[in-house]
Amino acid sequence: KGTHFFDKYEGGGHLYSEIYPYFLESLRDEPIKMFEIGIAKGASMLMWAEYFTKAKIVGLDIMLSLVDESKKLGVEGGGWECLDNRDRLDMRQGNQVDEQLLLNIMNDYDNEFDIIIDDGSHATEHQMKSFEILYKFVKPNGYYVIEDVHCDALKENGSLSIFVDKIK
């Protein structure tokens, strides 16, 4: 989400961390609920836990073994051993288009989130399906963010415009 990609390539990151504060700063010290699809090695969950000091953060990934390896090896800067209030993090394993799983997670958190971020498979088809299931669980004035919408644009020929038309 930052300016580096896995701490290796200066300027190779997405720079989302430079944009997010414009929208999310007002929620920083609030007891919000956040759901992130696609946590990979868990670095973004650690970042969000540090940024949102009172948030409950739920992460979903198709493979949590990467988080386990990150914890052991300190990948992406580590941070797991320093994290206070680990009980604020809830990691779930599963597919971002598994409707029943997503509905179960929503139900576990009173069917409302302040922020939902899709950083999952980056496949437009999956982004659309997750959005269709989850958007109604975003609180009024909350945020639903889809990162990396460009990934499938070339191979799906116009699917992004279909997505925009679908949500209007």
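User: Which residue caps the N-terminal end of α4?

Analyst: In this predicted model, the cap is Asp-98. One of its side-chain oxygens lies 3.3 Å from the backbone nitrogen of Gln-100. The helix itself covers residues 99-108.

User: Which residues of α4 are buried?

Analyst: A residue counts as buried when its relative accessible area is under 20%. In α4 the buried residues are Leu-101, Leu-102, Ile-105 and Met-106. Viewed down the helix axis, they fall within an arc of 135°, so they line one face of α4.

User: How do I read the packing of α4 and α5, and at what angle do they pack?

Analyst: Start with the angle and the distance between the axes. For α4 and α5 the angle is about 40°, and the axes are 10 Å apart. Angles under 35 degrees would count as roughly parallel, and 65 to 115 as roughly perpendicular. The two helices are therefore oblique to each other. Their crossing is right-handed.

User: Which residues meet where α4 and α5 pack?

Analyst: From α4 come Glu-99, Leu-102, Leu-103 and Met-106. From α5 come Lys-129, Ile-133 and Leu-134. Leu-102 and Met-106 also belong to the buried set of α4.

User: Where is Asn-141 found, and is it buried or exposed?

Analyst: Asn-141 is in strand β7, which spans residues 138-146. With a relative accessible area of 77%, Asn-141 is exposed. Its phi is near 70°, a positive value in a residue other than glycine.

User: Turning to β6, is Asp-114 buried or exposed, and what does its side chain join?

Analyst: Asp-114 has its place in strand β6. Its relative accessible area is 12%, so Asp-114 is buried. A polar contact of 3.4 Å joins its side chain to that of Lys-139. Setting aside neighbours within four places in sequence, Asp-114 is in contact with Ile-32, Lys-33, Val-138, Lys-139, Gly-142 and Tyr-143.

User: Which residues is Ile-117 in contact with?

Analyst: Ile-117 lies in strand β6 and is buried, with a relative accessible area of 0%. Beyond neighbours within four places in sequence, its contacts are Tyr-20, Met-34, Phe-35, Glu-36, Ile-37, Trp-48, Val-145 and Glu-147. Ile-117 and Glu-147 are 30 residues apart along the chain, yet their C-alpha atoms are separated by 7.3 Å.

User: How many helices and strands are there in the chain, and in what order do they run?

Analyst: There are 7 helices and 7 strands. From the N terminus on, the order is β-β-α-β-α-β-α-β-α-β-α-β-α-α. Buried residues make up 42% of the 168 residues. Of the contacts between residues at least 6 apart in sequence, 69% join residues at least 24 apart.

Definitions and conventions. Residues numbered from 1 in each chain as written. Predicted model: local features only at pLDDT ≥ 70, side-chain atom pairs only at ≥ 80, totals over all residues. Heavy atoms only, no water. Buried < 20%, exposed > 50% of the residue type's maximum accessible area, 1.4 Å probe, protein only. Helix = DSSP H or I, 4+ residues; strand = E, 2+ residues; numbered from the N terminus. Arc of directions from axis to C-beta. Polar contact = N/O pair within 3.5 Å; in protein donor to acceptor, adjacent residues only side chain to side chain. Axes fitted to C-alpha atoms, helices over the stretch in contact; angles between N-to-C directions. Parallel < 35°, antiparallel > 145°, perpendicular 65-115°, else oblique. Left-handed = near helix turned anticlockwise from the far one by under 90°. Contact = heavy atoms within 4.5 Å.
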